[in-house]
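Morning, everyone. Let's take a quick look at one structure.

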Amino acid sequence: GGRMLGCFCLTEPHAGSDASAIRTRAVRDGGHWVLNGVKQFITSGKNADVAIVFAVTNPAAGKKGISAFVVPTSTPGYVVARIEDKLGQHASEMAERVCSDAIQIHGGYGYVADFPVERIWRDVRVCQIYEGASDIQRLVIARAIAGD
């Protein structure tokens, strides 16, 4: 109990890896924010309970004018139009921890290609590096803190 699945909504069809080029906008309407835009390649977007949605709140501020919003996926207007038919990553809606545990349970058989758990884990493992490998992310954060 008390657990929710989340998703990270940053990538847009026209922006690719350039987060500063997102077009999703957020405008204050009374006491609420109204978000308007399109995201793509959102792992768990269809099954998530809550989405972290990145949107431009101050276009004049460039990348510093982007904010993150916590949006329940039950919010009117949150629509998953389609699930991409990808070359791989068919199991990306599974959690890496579950796959890792499944390999452990299967022992040596979980490591060989004869059983699907090996492929599923391979597909899911990349989820940890989508937005950049951990070591590169730490370098980016360190540079930001140092003021470079």
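**An aromatic surface patch and its surroundings**

Start with Y109. Y109 is exposed, because its relative accessible area is 56%. Keep in mind that this is a predicted model.

Y109 belongs to a nonpolar surface patch.

Where does Y111 sit? Y111 is in the loop between α1 (96–106) and α2 (116–125). Its relative accessibility is 69%, so Y111 counts as exposed. F115 comes in at 33%, so F115 counts as partly exposed.

Now the rings. How many aromatic pairs are found in the whole structure? The search gives 3. One of them joins Y109 and F115. Their ring centres are 5.4 Å apart, with 65° between the planes. That pair is edge-to-face.

On to α2. Which residues are buried there? They are V117, E118, I120, D123 and V124. The buried residues of α2 pack against α1.

Last topic, cysteines. The disulfide count is 0. Take C7, which is in no disulfide. The nearest cysteine sulfur is that of C9, 3.7 Å away.

Is C7 buried or exposed? C7 has a relative accessible area of 5%, so it is buried. C99 is at 1% relative accessibility, so C99 counts as buried too.

Key:
Residues are numbered from 1 along each chain as its sequence is written. This is a predicted model: local features need pLDDT of at least 70, side-chain atom pairs count only at pLDDT 80 or more; totals for chains, interfaces and linings use all residues. Side-chain values use heavy atoms; hydrogens and water are left out. Patches are made of residues with over 30% relative accessible area and no salt bridge: like charges are joined within 9 Å, nonpolar side chains (Val, Leu, Ile, Met, Phe, Trp, Tyr) within 5 Å. Accessible areas come from the Shrake-Rupley method with a 1.4 Å probe; for residues, only the protein chains shown count as cover. A salt bridge is a side-chain nitrogen of Lys or Arg within 4 Å of a carboxyl oxygen of Asp or Glu. Helices (H or I, at least four residues) and strands (E, at least two) are DSSP runs, numbered from the N terminus. Buried means under 20% relative accessible area, exposed over 50%, partly exposed in between (1.4 Å probe, protein chains only). Rings of Phe, Tyr and Trp (its six-membered ring) pair if their centres lie within 6.5 Å; planes under 30 degrees apart count as stacked, over 60 as edge-to-face and the rest as tilted. Contact means heavy atoms within 4.5 Å. A disulfide is a pair of cysteine sulfur atoms within 2.5 Å.
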